[in-house]
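User: Please take one part of this structure and go through it closely. I am interested in the side-chain links and what surrounds them.

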Amino acid sequence: MPRLIRARRGFSIAELLITLGILSVIGIIVSRLMLGQQRFYQRTNEQVEMRRELRSAMSLVPADLRSISSSGGDLTNFGDSFVQFRAVIGASIICSKVSGTQMDIPPLDMARNTLTSWYTQPVAGDTLWVFNDSLSRGAEDDEWKGLRITSVSQSTTLCPLSPYLDAALDAGKVRYRITVSANMGDSVKAGSAIRFTRSTRYFLDDEESGSWYLHREEYRGGSWSEPVAVSGPYAPPVSGTGGLRFAYFDSLGYPVTSVAQSRNISRIDLLLRAKGESSSGTFGTSSTQNSDSLAFRIALRNRQ
């Protein structure tokens, strides 16, 4: 007698609906976890980037400001959101005084000593400071005399008899002849120390729509160079709460707010407020903006 074959029973509509509902709930939970992890990673990555930009500014700005001389007038203009000063770009000595307005300096790659060094070659418009030892025995009238550079030329035959160069090992190396706009004076001799400065300023500028970056620019050849973004983005410049804030103090800790009193400044405080993207909110909520800040003090090394 043949066996009866029973029909296989399928899923009912109710079972399918329940299964789909469970899978939907699991999918929502997994999606929320994945989105939360993604936003956590993005927030962490932004925090790392902001701190890297803050460290970049912290290593750059103090290096420029610590070497200036406020008592020598290197701070030429300032405010709570910008600073303009004469940055030191190099130093050397006079190996030969050609005339009252011309001097020669040694090459950069001397064999036995390093007497000339700069991170960028001086050009017309920069300021040369020569140490004037004066003609008296005392130091009461010694000074650094500022002279505007009008031209810089190169030659391998300058300073031929200078005791600072090795006649054989330094032969054929490029030396520099610098012409200035005013007379150096009779008391400036071969061997006098010189340093080079260039007008520089830091400020916030809108690099992109709503993105503010710390910019640095230099005064070269009679005009300001194209600003270069060196760090950012930061919060927009708002008095007292912006992304970049300078504060200036004298040796007693009193604030200095007038450019006329810039020679009294002995310390500059800097506060930076970095700004990230609006991407740190949790699933189903509005995003919040990442931010970080850094404050540090810069003691001016050459105030006296």
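Analyst: Start with a term: a disulfide is a pair of cysteine sulfur atoms within 2.5 Å. It is a covalent bond between the sulfur atoms of two cysteines. The model is predicted, so local features need pLDDT of at least 70 and side-chain atom pairs count only at pLDDT 80 or more, while totals for chains, interfaces and linings use all residues. Residues are numbered from 1 along each chain as its sequence is written, and side-chain values use heavy atoms, with hydrogens and water left out.

The structure holds one disulfide. Cys 95 and Cys 159 form it, with their sulfur atoms 1.8 Å apart. The angle about the S-S bond is 50 degrees, and the link is right-handed. Cys 95 lies in the loop between β2 (82-93) and β3 (96-99), and Cys 159 in the loop between β7 (143-155) and β8 (175-180), so the pair ties together parts that are 64 residues apart in sequence. Strands here are DSSP runs of E, at least two residues long; helices are runs of H or I, at least four; both are numbered from the N terminus. Both cysteines, Cys 95 and Cys 159, are buried. Buried means under 20% relative accessible area, exposed means over 50%, and partly exposed lies in between (1.4 Å probe, protein chains only).

Now the charged side chains. A salt bridge is a side-chain nitrogen of Lys or Arg within 4 Å of a carboxyl oxygen of Asp or Glu. By this rule there are 13 salt bridges.

Arg 198 takes part in a salt bridge with Asp 126, where the closest N and O atoms are 2.8 Å apart. Arg 198 sits in strand β9 (193-208) and Asp 126 in the loop between β5 (117-118) and β6 (127-132), so this pair ties together parts 72 residues apart in sequence. Arg 198 and Asp 126 are both buried.

Arg 198 also meets Glu 218 in a salt bridge, at 3.1 Å from N to O. Glu 218 belongs to strand β10 (211-220), and the pair links distant parts of the chain, 20 residues apart. Again, both Arg 198 and Glu 218 are buried.

What joins Glu 217 and Arg 201? Their side chains form a salt bridge, 2.3 Å from N to O. Glu 217 is in β10 and Arg 201 in β9, 16 residues apart. How covered are the two partners? Glu 217 counts as buried, at 6% relative accessibility. Arg 201 is partly exposed, with a relative accessible area of 23%. Salt bridges that share partners also join Asp 64, Asp 126, Arg 198, Arg 216, Glu 218 and Arg 220 into one network.

Next comes strand β6. Five of its six residues are buried, so β6 is largely enclosed by the rest of the structure. Strands pair if DSSP finds at least two bridges between them. Six bridges join β6 to β7, and these strands run antiparallel. Asn 132 stands opposite Glu 143 in β7. Four bridges join β6 to β9, also antiparallel. There, Trp 129 has Arg 195 of β9 as its bridge partner.

Finally, the whole chain. It has one helix and 15 strands. Of its 304 residues, 38% count as buried. Contact means heavy atoms within 4.5 Å. Among contacts between residues at least 6 apart in sequence, 65% join residues at least 24 apart.
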